[in-house]
Amino acid sequence: MKPIEAFFARVCDDPVGRAFDEEEKSFSPAALMQTPSAWEGGAFEDFAARAFVENAHRSLVLYVHVPFCRRRCAFCPFFKNISDALFSAEYTSLLAKEIGDTAKTLGSAVRERPVKAIYFGGGTPSDLDSADLALLIRRLRETFFIAPDAEITVEGRVRGFTSEKGKAWVDAGANRFSLGVQTADTRLRRRMGRIADRDEIRAVMNALGESGAALVLDLIYGFPEQTEEILLDDIRFVSEETGIHGLDLYKLSLFPGSPLDKAIVKGEFPKPPDFAQRAKMYRLAYEALVAHGFEPFTPKHWRRDAKERSVYNRLAFGQTDMIPFGSGAGGRIGSISLGNAGVLADYEKKVLSGKKPIARLALSPPRNASASFGRLIDEALEELRLPALERWPQSHREKGRELLSQWREAGLLHSASGQDEGMRLTCAGNFWAPHMKKLLIDFAAQTG
Ligand code: SF4
C-alpha cells in the first residue's frame with residue numbers, strides 16, 4: 001500500500017510544468033480496464049426497439065459521420081476517403097436511407113424521446129453540397145423528436161465552407177458550426193497540409209457569422225515549428241478577427257505512422273516541442289484566452305458568451321444514448337455499444353440491404369468500484385472540478401481531505417473558503433487533470 005505522500009504534487013513556482021514528474025499520458029490504469037463482453041442478443045433489428053424504450057430515461061443524441069476529406073492533413077489519423085465530385089449525392093442518399101430504416105427499426109418511440117443534440121462529424125461534413133446536408137438535417141428533424149433547444153452542429157474546415165452552405169444549413173435547422181482551424185499561421189498550415197490561408201479563414205468565419213449560428217473552432221498547440229509567438233498570435237487572431245463564440249484547445253497528438261510522424265523520422269520536420277515547452281505553451285495560451293475574455297467550461301472547451309453551449313460534447317461523456325449514422329460512426333444504447341461498418345463498400349452493401357450497417361456490437365460490463373469512481377471523476381472534470389468528498393468511497397474521505405489540501409497548496413485546485421470552491425481546477429489542475437484522475441483511481445484502490 002502506498003503512503004499518501006506518493007500522491008502529493010510538488011509545491012513549486014511552476015505547477016503547470018512541474019507539479020508532477022510524469023508527463024500527462026493517455027489514461028488506462030489497470031484498475032479501469034474492463035473488457036466488453038461479446039454481444040449475444042442478436043442483430044440490431046432484434047433488440048434495438050426494446051433497448052431504445054428501456055433506456056428512455058437517458059439523454060439522447062444523434063451522431064452522423066462523414067468520413068470524406070479533400071486531402072489528408074499531415075497530423076491526422078482519421079483520414080478515410082477522398083471527397084470527390086460524386087461523393088456528396090451518393091453518400092447523402094445512403095445516409096438518408098439509413099436514417100429512415102433505423103427510425104423504422106426503433107419504432108414509434110423516435111417521436112417521443114427528445115434528441116438533445118445532433119452532430120455531423122468527420123472527416124469533413126462541410127464538403128457535402130449545401131442541398132445534400134440540408135436534406136439530411138431536415139430528414140432527421142422530420143423523423144426524430146428534436147428538442148426545441150437542441151444543438152445541431154456541423155463540423156468542417158475552412159476551404160469550401162461557403163456562406164451559401166452556412167445559410168442553407170441554418171435554414172434547415174443547424175445552429176452551430178465547428179471549424180478545424182488548428183493554426184492560423186499560413187506557413188505552418190501549409191506545412192500541415194491545410195489549404196486555406198489566414199485571409200481566407202477571416203473571410204469564411206466572418207461570412208459564416210452572418211448565418212446566426214454559434215461559431216467555434218479548434219486550435220492545436222505543440223506542432224513542430226510552432227513557437228509560443230505563433231500560438232499566441234493564433235489566439236489573438238481568432239479572438240479579434242473572427243467573431244467566434246468559443247474554441248477548443250487541444251494538444252497535438254503525434255500518431256505513429258501519420259504523415260507528420262513519418263516526416264519527423266525522415267528529418268523533414270524538427271521534433272515537436274518537448275513536454276516542458278508544451279506545458280509553457282499551455283500556460284501562455286490559458287492566460288491569453290482569459291485575457292481575451294474566454295472562460296474554460298470543460299477541460300478543452302472555452303467560450304466567451306452563452307451562444308456556445310457545447311451540448312453534444314458534454315453529453316457524449318455522460319449517461320447518454322447515441323444513435324450512429326454513416327460509415328465508421330459509433331454509438332450506444334444503454335450498455336450496448338454500436339459500431340457502423342468503417343469500410344465504405346461494406347457500409348453501402350448493408351444499407352442497401354435495408355439493415356442497420358452495424359459491424360461491431362458489444363456489451364459494456366457492469367462497472368467495478370474503480371470504474372464507478374472513474375466515471376464520477378470524469379463527470380466532475382467535465383465541469384473543471386473534482387468530485388465532492390462526500391461522493392468518494394467512505395473509507396478514503398479522511399485521507400482524501402489531506403490529499404486535496406496538499407493539491408491546493410501545490411496550486412492544482414483553487415484555494416477558497418468554501419469546500420465546493422476548493423474543488424475547482426486551476427490552470428495547472430486543468431493541465432494535469434488526466435494524471436490527477438489516474439492518481440485518484442490508484443489512491444482509492446491502494447490506500448485505506
Ligand atoms: S480535415 Fe480533419 S479528418 Fe480530414 S484529414 Fe484533415 S484533420 Fe483529418
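A polar contact here is a pair of N or O atoms within 3.5 Å, where one must be able to donate a hydrogen and the other to accept it, and residues adjacent in sequence count only if both atoms are side-chain atoms. In this predicted model, that rule finds one residue pair in polar contact across the interface of domain 1 and domain 2, both residues being at pLDDT 80 or more. The count of salt bridges between domain 1 and domain 2 is zero.

Domain 1 brings 13 residues to the contact and domain 2 brings 14 residues.

The size of an interface is often given as the accessible area lost when the parts come together. For domain 1 and domain 2 the buried area is about 1,200 Å², and carbon and sulfur atoms give 63% of that area. On the domain 1 side, E382, C427 and F431 supply 39% of the area buried against domain 2, more than any other three residues.

Two helices, α1 (15–18) and α15 (427–431), each supply at least two residues of the side of domain 1 that touches domain 2. Of the elements on that side, α15 gives the most, with three residues. By residue class, the side of domain 1 that touches domain 2 divides as follows.

| Class | Residues on the domain 1 side |
|---|---|
| Nonpolar | six residues |
| Polar | three residues |

Conventions:
Residues numbered from 1 in each chain as written. Predicted model: local features only at pLDDT ≥ 70, side-chain atom pairs only at ≥ 80, totals over all residues. Heavy atoms only, no water. Contact = heavy atoms within 4.5 Å. Buried area = accessible area lost by both parts, 1.4 Å probe. Salt bridge = Lys/Arg side-chain N within 4 Å of Asp/Glu carboxyl O. Helix = DSSP H or I, 4+ residues; strand = E, 2+ residues; numbered from the N terminus. Nonpolar A, V, L, I, M, F, W, Y, C, P; charged D, E, K, R; others polar.
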